[in-house]
Amino acid sequence: MKKHNFNPGPSILPQYTVEETAKAIHDFAGTGLSILEVSHRSKEFEAVVNETVALFKELLNIPEGYAVIFVGGGASTQFFHVPYNLLEKKAAYLITGQWAQKAAKEAKLFGPVEVVASSEDKNFTYIPKDFTIPADADYFHITTNNTIYGTEILTDLDSPVPLVADMSSDIFSRPVDVSKYGLIYGGAQKNLAPAGLTFVIVREDLLGKVSRPLPTMVDYRTHIKNNSLYNTPPVVIIYSALLTLRWMKEQGGVAEMERRNKAKAELLYNEIDRNKLFVGTVAKEDRSRMNVCFVMAPGYEQLEAEFAEFAKSKGMVGIKGHRSVGGFRASLYNALPLESVQALVDCMQEFEASH
Ligand SMILES: *Cc1c(COP(=O)(O)O)cnc(C)c1O
């Protein structure tokens with residue numbers, strides 16, 4: 001039976017990425033070696049890094065003055081690398097979920113943190129709108145897509161101070177005005193590649209301003225200067241990321257990804273709103289296009305386990321909600337086809353008809 005992969009991360013990748021990675025495991029770029037065993041200093045791999053950086057810049061329309069680097073440690077390591085490199089006097093954070101909370105917690109190790117607003121009062125079911133970004137902060141940190149709760153900031157905010165964004169789960173899902181950000185980072189395992197790679201897009205003139213000494217590996221300038229090859233990077237994962245970027249470009253770039261993502265999200269949210277058995281969990285205006293959260297409607301709570309079992313029997317994978325929300329979460333990343341969303345909708349309708 002066909003499986004529909006709604007996993008929140010690591011998650012579905014384009015078939016092209018999976019197949020071409022498999023080929024390179026047998027023979028990478030005509031070297032007669034597996035990509036599992038090539039040197040990261042080989043000219044063939046250096047070409048991979050260069051093309052990956054070039055496609056990041058092209059697809060996201062990254063202006064002059066920004067660097068793209070690949071590092072390890074996941075987005076969670078960036079939670080402390082960001083303040084390490086940027087926090088001198090104080091930082092400002094918007095708290096829209098657990099990832100934002102974790103990021104703010106790490107920043108407090110480096111200096112004062114001003115929480116400008118939080119939606120914790122309603123279990124992060126909305127994005128706070130009325131807040132003032134302190135003009136004396138070194139930077140303002142946001143999480144653009146809240147993977148666990150299913151809310152998303154779909155506009156590029158205006159900020160009087162450098163805007164820093166964790167875009168782990170919505171990078172490349174829509175065009176972004178990078179010039180409005182000082183730094184964008186994320187784990188690659190949601191929309192780009194298998195687990196093991198972290199990307200950072202940074203405006204270079206923000207670096208080198210803090211007075212604390214920076215360990216070599218923490219200092220973004222190390223990785224910029226060495227083209228992400230200061231130490232051994234995750235070779236295979238960078239190659240897979242390149243394949244996904246090539247696929248995206250061939251499909252029509254991020255504008256086309258956005259068009260598809262809008263259509264997929266609309267299809268599923270419309271069904272959630274129409275189906276008497278289900279109800280969405282977040283404010284409608286803040287609904288995420290990447291992670292769609294829903295629970296059984298009041299009066300039908302007892303059907304949750306039965307629906308989970310039914311959906312599984314129809315090939316749905318990874319729709320169990322995060323433990324802090326419950327219910328269901330369908331992640332609709334770039335590589336997920338509309339047909340998979342239609343299959344989930346069919347499943348919800350069939351279940352409704354039999355109850
Ligand atoms: C998954 C995720 C993280 C954590 O990423 P790791 O690479 O596992 O550290 C952080 N922020 C957001 C928004 C995420 O979706």
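## Cavity, pocket and ligand contacts in a predicted model

By class, the residues lining the largest cavity comprise five nonpolar, three polar and no charged ones. The model is a predicted one. The residues in that lining are Ile12, Leu13, Pro14, Asn191, Thr244, Trp247, Asn334 and Ala335. The volume of the largest cavity is about 30 Å³. When the whole structure is searched, one cavity of 30 Å³ or more is found.

The pocket comes next. The largest pocket has a volume of about 270 Å³. Its lining is made up of 19 residues, and those that lie nearest the centre of the pocket are Trp99, Thr147, Ser168, Gln189 and Lys190. Divided by class, the lining of the largest pocket holds six nonpolar, ten polar and three charged residues. Helix 3, which spans residues 74-86, gives the most to this lining, with four residues.

| Residue | Protein atom | Distance to a ligand oxygen atom |
|---|---|---|
| Alanine 75 | polar backbone atom | 3.0 Å |
| Serine 76 | N or O atom in the side chain | 2.6 Å |
| Glutamine 189 | N or O atom in the side chain | 2.9 Å |

Taken alone, the ligand exposes 390 Å², and the protein buries 86% of that area.

Two points of backbone geometry remain. The peptide bond that runs from glycine 9 to proline 10 is cis, and its omega is near -10°. Proline 10 is found in the loop between strand 1 (4-5) and helix 1 (15-26). Ile12, Leu13 and Pro14, for their part, belong to the lining of the largest cavity. The other point concerns asparagine 123, whose phi is near 50°, a positive value in a residue other than glycine. Asparagine 123 sits in the loop between strand 4 (113-118) and strand 5 (140-143).

Methods. Residues are numbered from 1 along each chain as its sequence is written. This is a predicted model: local features need pLDDT of at least 70, side-chain atom pairs count only at pLDDT 80 or more; totals for chains, interfaces and linings use all residues. Side-chain values use heavy atoms; hydrogens and water are left out. On a 1 Å grid over the protein atoms alone, a cavity is a set of points where a 1.4 Å probe fits but cannot get out, and a pocket is an open set with protein on both sides within 12 Å along at least five of seven lines; lining residues have an atom within 4 Å of a point. Grid points are joined across faces, edges and corners, and a volume is the space filled by probe spheres set on the points. Helices (H or I, at least four residues) and strands (E, at least two) are DSSP runs, numbered from the N terminus. Ala, Val, Leu, Ile, Met, Phe, Trp, Tyr, Cys and Pro count as nonpolar, Asp, Glu, Lys and Arg as charged, and the others, Gly among them, as polar. A polar contact is a pair of N or O atoms within 3.5 Å; within protein, one must be able to donate a hydrogen and the other to accept it, and residues adjacent in sequence count only if both atoms are side-chain atoms. Accessible areas come from the Shrake-Rupley method with a 1.4 Å probe; for residues, only the protein chains shown count as cover.
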